[in-house]
Amino acid sequence: MMDVVVGGGIAGLATAVGLARAGRAVTVLERRERIEELGAGIILWPNALRALGELGLREQVHGVAELEAVGGLRRPDGEWLNRVDGRRFSAAHGEVAAIHRGDLIDLLHEAAVEAGVEIRCGQEVVGVESGPQGGATVVAAGGRHLVADLVLGADGLRSAVREAVFPAAGAPQPTGLTAWRWVVDAEAPGLPAPLVPSVTIGAGTELGIVPLPGSRAYCYFSSVRRPDGTTPGPEQCREWHDPIPSLVAAGEAGGMLCHELWDLPPLPSFVHPNLPVALVGDAAHAMTPHLGQGAAQGLEDAAALACLVKTTGDARELLGAYDRERGDRARAVQRASRQAMGALTITHPALVAVRDALIRLLPGVVVERAMARWVRTG
Ligand SMILES: Cc1cc2nc3c(=O)[nH]c(=O)nc-3n(C[C@H](O)[C@H](O)[C@H](O)COP(=O)(O)OP(=O)(O)OC[C@H]3O[C@@H](n4cnc5c(N)ncnc54)[C@H](O)[C@@H]3O)c2cc1C
């Protein structure tokens with residue numbers, strides 16, 4: 001028998017690498033026709049890098065990531081509300097990296113193949129049932145059955161595994177926010193060199209600039225839905241400080257990804273009470289992206305499983321320990337992300353002014369400590 005990981009995204013591949021490197025036979029079932037990641041960039045906070053290190057992948061990540069990815073907060077007119085000293089932050093709390101999602105998925109995919117993981121693409125899982133000898137049976141579209149010792153549902157926000165075995169779990173909730181993401185040539189004419197990482201916050205809007213390796217930069221913009229039901233896109237930043245108008249124009253020319261943002265109500269447990277089935281990554285704890293912790297929490301799940309599986313061969317014991325180690329932590333980060341969303345989606349001009357004044361008053365070290373609260377590495 002073997003372990004089955006449902007979903008070949010960041011959390012699923014990382015989980016598969018950890019289990020396979022611990023000596024387990026692992027199969028990943030991915031519904032897409034190939035392993036790939038369309039998204040633009042991603043920030044890996046110190047806890048994400050630590051988890052990747054525990055999975056034996058720190059060096060590979062360093063090879064394709066931009067370090068010192070933290071900058072500070074600005075107003076749309078360009079005033080810095082505060083600046084984060086990247087070197088001081090890294091020295092105190094650990095390195096922060098920015099990476100193209102495609103590069104991250106490629107290195108996880110490669111590591112999974114090297115560790116002997118079997119990856120089956122074009123396999124949509126539609127259910128999970130009780131299986132023989134205390135195991136579970138994974139049901140794929142077309143009626144194919146796969147018997148497993150352990151099933152890890154890493155199938156994202158709209159997880160079929162969650163729906164099958166946690167029927168009481170709440171459905172994902174819309175946040176009223178839409179996010180645009182794009183990657184630009186950071187050496188294009190009209191852009192300053194080097195591009196400085198920053199997040200510019202407006203009224204219900206936020207635009208991030210994150211340098212990536214290979215002369216690229218990852219930009220994201222999020223905007224809250226207006227009372228008339230419309231959500232204006234990044235074009236509303238044409239009057240913002242430089243180099244935002246050029247970055248927006250480059251994104252409009254080169255193409256942007258656009259998604260509504262969702263939040264998952266916290267699950268009381270990530271582990272089924274009777275079946276050897278657990279959830280990892282967004283399937284367990286999808287959260288708003290305001291702390292940049294979604295993938296990091298999935299990587300923490302993977303690292304925790306990889307460590308625990310070395311201590312016991314008993315599925316119930318393993319999953320119980322996993323739930324105890326990961327449940328409270330991931331739910332707390334989910335809650336904190338929602339709270340951060342609240343501050344960044346204020347639209348009333350008077351409240352925006354109060355928020356900005358408060359941020360301006362905070363000393364840099366206090367901001368850094370607040371940022372570091374959720375990136376603990378110990
Ligand atoms: C705008 C935005 C910015 C973000 N920025 C950051 C950031 O800077 N840092 C950070 O840490 N996080 C960030 N996140 C969060 C991060 O993107 C997610 O938490 C992470 O990608 C989730 O990975 P996952 O593997 O759990 O799920 P997914 O990426 O959703 O992967 C799930 C996989 O399962 C497959 N699948 C789905 N259903 C089935 C099925 N029934 N059968 C088989 N396969 C299936 C899918 O095809 C997919 O490959 C951001 C999110 C957003 C929206």
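Me: Is Phe270 buried or exposed?

Reply: The call rests on relative accessible area with a 1.4 Å probe, protein chains only: under 20% is buried, over 50% is exposed, and partly exposed lies in between. Phe270 comes out at 0%. That value falls under the 20% cut-off, so Phe270 counts as buried.

Me: Good start! From which number are the residues counted along each chain?

Reply: This is a predicted model, so local features need pLDDT of at least 70 and side-chain atom pairs count only at pLDDT 80 or more, while totals for chains, interfaces and linings use all residues. Side-chain values use heavy atoms, leaving out hydrogens and water, and residues are numbered along each chain, as its sequence is written, from 1.

Me: Back to Phe270, then. In which loop does Phe270 lie?

Reply: Phe270 touches residues including Phe166, Val277, Leu279, Tyr322 and Ala330, not counting those up to four places away in sequence; contact here means heavy atoms within 4.5 Å. Helices (H or I, at least four residues) and strands (E, at least two) are DSSP runs numbered from the N terminus. On that scheme, Phe270 sits in the loop between β17 (257–263) and β18 (277–279).

Me: Let's turn to the domains. What is the separation between the centres of domain 1 and domain 2?

Reply: The bounds come from an automatic or database domain assignment. Domain 1 takes in 3–71, 89–172 and 264–344, whereas domain 2 takes in 173–262 and 345–372. Taken over C-alpha atoms, their centres are separated by 27 Å.

Me: How many salt bridges does the rule find across the interface of domain 1 and domain 2?

Reply: A salt bridge needs a side-chain nitrogen of Lys or Arg within 4 Å of a carboxyl oxygen of Asp or Glu. Asp103 and Arg216 form a salt bridge, their closest N and O atoms being 3.3 Å apart. Across the interface, the rule's count of salt bridges is one.

Me: Which element gives the largest share of the side of domain 1 that touches domain 2?

Reply: In all, 35 residues of domain 1 are in contact with 27 residues of domain 2. The elements giving two or more residues to the domain 1 side include β3 (41–44), α4 (86–93) and α5 (101–114). The largest share, four residues, comes from α10.

Me: And is Ser337 buried or exposed?

Reply: Ser337 is found in helix α10. Beyond its neighbours within four places in sequence, Ser337 is in contact with Met287, Thr288, His290 and Leu291. With a relative accessibility of 0%, Ser337 counts as buried.

Me: What is the phi of Gln133 near?

Reply: Most residues other than glycine have a negative phi. Gln133 lies in the loop between β9 (125–130) and β10 (136–140) and, at 78% relative accessibility, counts as exposed. Its phi is positive, near 50 degrees.

Me: Last one! What is the relative accessibility of Ser215?

Reply: Ser215 also has a positive phi, near 55 degrees. Ser215 is found in the loop between β15 (205–212) and β16. Ser215 counts as partly exposed because its relative accessibility is 31%.
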